[in-house]
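Dear colleague,

Please find below the structure that I am handing over to you, with its sequence. My findings follow directly after it.

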Amino acid sequence: MALMNVNPNRMELTRLKNRLTVAKRGHKLLKDKQDALIKAFLEKAKAVRKTRETVEAELENCYKDFLMARAQTIPAMLEAALMSSAAACELTIESHNVMSVLVPEYRVEQKGSTFSYGMATTPASLDVALERFSQVIPKLLQLAADEKAVALMSSEIEKTRRRVNALEHVLIPSCIETIRHISMKLEEQERSTLSRLMKVKEIVRSH
């Protein structure tokens with residue numbers, strides 16, 4: 001491990017010891033954060049997988065109904081029915097903190113009527129398809145928020161992992177090695193000084 005470029009004196013030794021203490025404390029906190037993030041990430045990823053499977057199954061049914069309606073309706077009539085819809089969605093975006101990660105939270109409010117077209121010219125399968133699409137929209141937004149949360153948590157785990165590794169494998173070993181080196185240098189200087197003092201005393205006594 002490479003030594004730090006510092007002067008081998010007692011002031012630097014004290015500073016490095018303090019830095020090592022802070023680094024060890026920071027390493028423990030980051031390690032705890034990483035473990036908690038991984039646990040939360042795995043729970044969230046598992047929930048997202050189930051939500052995705054549910055939403056995909058519902059979307060498949062939606063498209064089946066819509067394809068049935070399309071097969072039973074003249075294209076011009078179908079287009080006119082869809083264009084006349086008075087339904088609207090109002091999206092609210094908020095965020096909450098999960099282990100220092102701001103994850104999004106989407107809420108949708110659907111307004112207006114989905115069925116604003118003439119029932120006489122459209123098949124019942126179109127009503128079913130649009131009703132199912134209307135019901136799946138909030139679930140789609142929830143899935144989008146959850147998948148974004150998983151991506152953000154994954155990114156934060158990677159950042160935390162790099163910091164933990166940098167402390168564990170670079171900074172802390174460098175501090176320990178540099179402290180050991182400075183301590184040896186200071187001890188060597190003390191022995192050298194003591195040796196000179198003893199020689200001076202011998203000289204003084206001999207005169």
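Helices α1 and α3 lie roughly antiparallel to each other, because their axes cross at roughly 165° and an angle over 145 degrees counts as roughly antiparallel. Please bear in mind that this is a predicted model.

The axis of α1, which covers residues 10-72, comes within 4 Å of the axis of α3. Their crossing is left-handed. Sorted by class, the contact of α1 with α3 comprises 38 nonpolar, 20 charged and 11 polar residues.

Helix α3 itself runs over residues 124-206, a total of 83 residues. At 1.5 Å a residue it should span 123 Å, and the distance between its end C-alpha atoms is 121 Å, which agrees.

As to the chain as a whole, three helices and two strands are present, and their order from the N terminus is α-α-β-β-α. The radius of gyration is 35 Å, whereas the globule rule gives 17 Å for 207 residues; the former is well over the latter, so the chain is more spread out than a compact globule. Along the principal axes, the C-alpha trace spans about 130 × 25 × 25 Å.

With kind regards

Conventions. Residues are numbered from 1 along each chain as its sequence is written. This is a predicted model: local features need pLDDT of at least 70, side-chain atom pairs count only at pLDDT 80 or more; totals for chains, interfaces and linings use all residues. Side-chain values use heavy atoms; hydrogens and water are left out. The expected span of a helix is 1.5 Å times one less than its number of residues. Axes are lines fitted to C-alpha atoms, for helices over the stretch in contact, and angles run from 0 to 180 degrees between N-to-C directions. Angles under 35 degrees count as roughly parallel, over 145 as roughly antiparallel, 65 to 115 as roughly perpendicular and the rest as oblique. A crossing is left-handed if the near helix is turned anticlockwise from the far one by less than a right angle, and right-handed if clockwise. Ala, Val, Leu, Ile, Met, Phe, Trp, Tyr, Cys and Pro count as nonpolar, Asp, Glu, Lys and Arg as charged, and the others, Gly among them, as polar. The radius of gyration is taken over C-alpha atoms; the globule rule is 2.2 Å times the number of residues to the power 0.38.
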